[in-house]
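Subject: The structure we talked about

Hi there,

Here is the structure I promised to hand over.

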Amino acid sequence: MPLQGNLRDFSTTQILNLINLAGKTGTLVIFEGVRTNEKDAIGNIRMAAGDERARVAFKAGKLVQAQTQTQDGNLVTVLNKASKLTDEQARIIRERAKNTADKALALLLINANYVSQKDIVGSIQQYTLDIVYTLLTWGEGPFRFEDNLLPGPDRILVPIDLENVIIEGARRIREIEQLNSHLPNLDMALRFPPNPREKFKGIHLSVEEWRVVSYVNPRNTVRQIARANNMSDIEIRRIVYGLEQAGLVEVVRPAVPVDGPRQPTGNTGRLPPPPKTQVQETVVRKLIDRIRSL
Amino acid sequence: MAMNQVKMVVTGPFSSGKTEFISSISEIDVVKTERTISSDAEREVKSQTTVAMDFGRITVDDDLVLYLFGTPGQRRFDFMWEILAEGMLGFVVMVDSTKPETFREAKSILETFRAYAPTPFVVAANKQDLTDAWSIEDLRIALRIEDGIKLLPCVANDKESVKNVLLELLYSILEEMDTSASTAG
């Protein structure tokens, strides 16, 4: 039977946990959600599966491969991304080995001393993990697990234990939640605090941080700064958080809502549990006989 | 001699098949307390829902009657749950195997009922006859149901399937009685 649903109801972390515990083999495919006019059982708009966003393969409960629609995931791309091949080397290899399968290409590259086997395994592992960590932050999207479907034999599969992936994924989700709650609205602006010169003295910023700092202006929203620097929402939130914690920028916050956060609803003053019913065993046996006879 | 009346509760999220389950086995037409649904979202799932409780009956003999109570699925009626749970022999938690969006709610209801009384229970994975149903093994992990708890395939409109769920619950009740007796002895 298919394992399918929507990530908003059953998160990527929960799916990975299930695959790990059940030792499943197959491919998890995540799709773009296409809104329908129907609602699901809990009143949310039902999302149909649209274009494919990502697919992740598992063998006997271990993660073995991942790819997204925006990244082809072939070996040259993976090694280039891991800085094991320069852009120029990647371009040349792509031209010369256009129709060579990953496994054959890996042998060629090792024999030509471009990379070692360890480089290849490590790069594929990191590439796969990067994709999966990204998927873990997706809060919505139809998914389907195709039992026993695995990538073609030309692909290099590097088995990765899911336990650590799940723990790291959970940590990242917590971090994202913290960042989101710290800066829930990206339409806020940034400004420098009084005496910025003093505060920036002796501070070592990364290239990305400097790029954000260069756009600090009360007229630029954080969202605009992210777009200008080609950064994701999480990346910009992380950088703004760091800069703000260091006292280098200030976020102009909206007014706190007057009514404040809603209190969680639930039972108030729950009654003590009722005493356990004393039913004789003969009664239960009679019930069993009666139901059997129906 | 006073008639011995025992009750079991059938609970679960909205539209998980509780009313159908009771209807399949009850010897009387189920006393349905369904009303036309008020919320648009709920209306699209089914046109009527259980407001206070469903009520089915199985007569064993002149002295013994089993009542089956179905709880209303919507949270806004949860004040009724505790009343229904009082004195129950055991309970069945219904889960619609084709609706993962209700799994979280099903788990929450299960834990709520578990807290009401330390009575045996089983989980019935309804709609296992449909092609898009999650498998029992996957449901067990998704709902985080411990190995010792019975998670049973079920088709709520199939009498044999419903009988099987109730029998499994009764077997669990018997086992619990045996355990209690041996502990006490």
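This is a predicted model: local features need pLDDT of at least 70, side-chain atom pairs count only at pLDDT 80 or more; totals for chains, interfaces and linings use all residues.

Let me start with a salt bridge inside chain A. A:Arg171 pairs with A:Glu168, and their closest N and O atoms are 2.9 Å apart. Both residues sit in helix α6 (residues 162-182) of chain A, three residues apart, which is about one turn of the helix. Is A:Arg171 buried or exposed, or does it count as partly exposed? Its relative accessibility is 39%, so A:Arg171 counts as partly exposed. Over all chains, the count comes to 29 salt bridges.

Next, the place where the two chains meet. The size of an interface is often given as the accessible area lost when the parts come together. Here, about 4200 Å² is buried between chain A and chain B, and carbon and sulfur atoms give 64% of that area. How many residues does each chain bring to the contact? Chain A brings 42 residues and chain B brings 52 residues.

Between chain A and chain B the count is three salt bridges. In one of them, the side chains of A:Lys24 and B:Asp138 meet at 3.0 Å, N to O. On the side of chain A that touches chain B, at least two residues each come from β1 (3-6), α1 (12-22), β2 (26-39) and α11 (281-293). Which element of chain A gives the largest share of that side? It is α11(A), with 10 residues. By kind, the residues on this side of chain A divide into 20 nonpolar, eight polar and 14 charged.

A:Arg290 pairs with B:Glu27, with the closest N and O atoms 3.8 Å apart. This pair crosses between chains: A:Arg290 lies in helix α11 of chain A, and B:Glu27 lies in the loop between α1 (18-25) and β2 (34-36) of chain B. A:Arg290 has a relative accessibility of 23%, so A:Arg290 counts as partly exposed. B:Glu27, at 34% relative accessibility, counts as partly exposed too.

The side chains of B:Arg114 and B:Glu146 meet at 2.9 Å, N to O. B:Arg114 is in helix α4 (residues 103-116) of chain B and B:Glu146 is in the loop between α5 (136-142) and β8 (151-153), so the pair ties together parts that are 32 residues apart in sequence. B:Arg114 is partly exposed, with a relative accessible area of 29%, and B:Glu146 is partly exposed at 39%. Salt bridges that share partners join B:Lys107, B:Glu111, B:Arg114 and B:Glu146 into one network.

Now for the nonpolar cores. The largest one has 74 residues, and those with the most contacts inside it are A:Phe58, A:Leu63, A:Leu75, A:Val165, B:Phe113, B:Val123 and B:Trp134. Helix α5 (residues 117-135) of chain A gives the most to this core, with eight residues. A second, separate core has 34 residues, including A:Val283, B:Leu66, B:Leu89 and B:Leu170.

Leaving out residues up to four places away in sequence, B:Asp96 touches B:Ser15, B:Ser16, B:Thr102, B:Phe103, B:Asn126 and B:Lys127.

Finally, two asparagines in chain A. A:Asn113 is not a glycine, yet it has a positive phi of about 60°. A:Asn113 is placed in the loop between α4 (102-111) and α5 of chain A, and it counts as exposed at 69% relative accessibility. A:Asn230 also has a positive phi, about 55°, although it is not a glycine. A:Asn230 lies in the loop between α9 (222-228) and α10 (233-245) of chain A, and it is exposed, with a relative accessible area of 71%.

Happy exploring, and write back with any questions!

Terms used: Residues are numbered from 1 along each chain as its sequence is written. Chains are lettered from A and ligands numbered from 1 in the order in which they are written. Side-chain values use heavy atoms; hydrogens and water are left out. Contact means heavy atoms within 4.5 Å. Buried area is the accessible area (1.4 Å probe) that two parts lose on being put together, summed over both. A salt bridge is a side-chain nitrogen of Lys or Arg within 4 Å of a carboxyl oxygen of Asp or Glu. Helices (H or I, at least four residues) and strands (E, at least two) are DSSP runs, numbered from the N terminus. Ala, Val, Leu, Ile, Met, Phe, Trp, Tyr, Cys and Pro count as nonpolar, Asp, Glu, Lys and Arg as charged, and the others, Gly among them, as polar. A nonpolar core is a set of buried Ala, Val, Leu, Ile, Met, Phe, Trp, Tyr and Cys residues joined through side-chain atoms within 4.5 Å. Buried means under 20% relative accessible area, exposed over 50%, partly exposed in between (1.4 Å probe, protein chains only).
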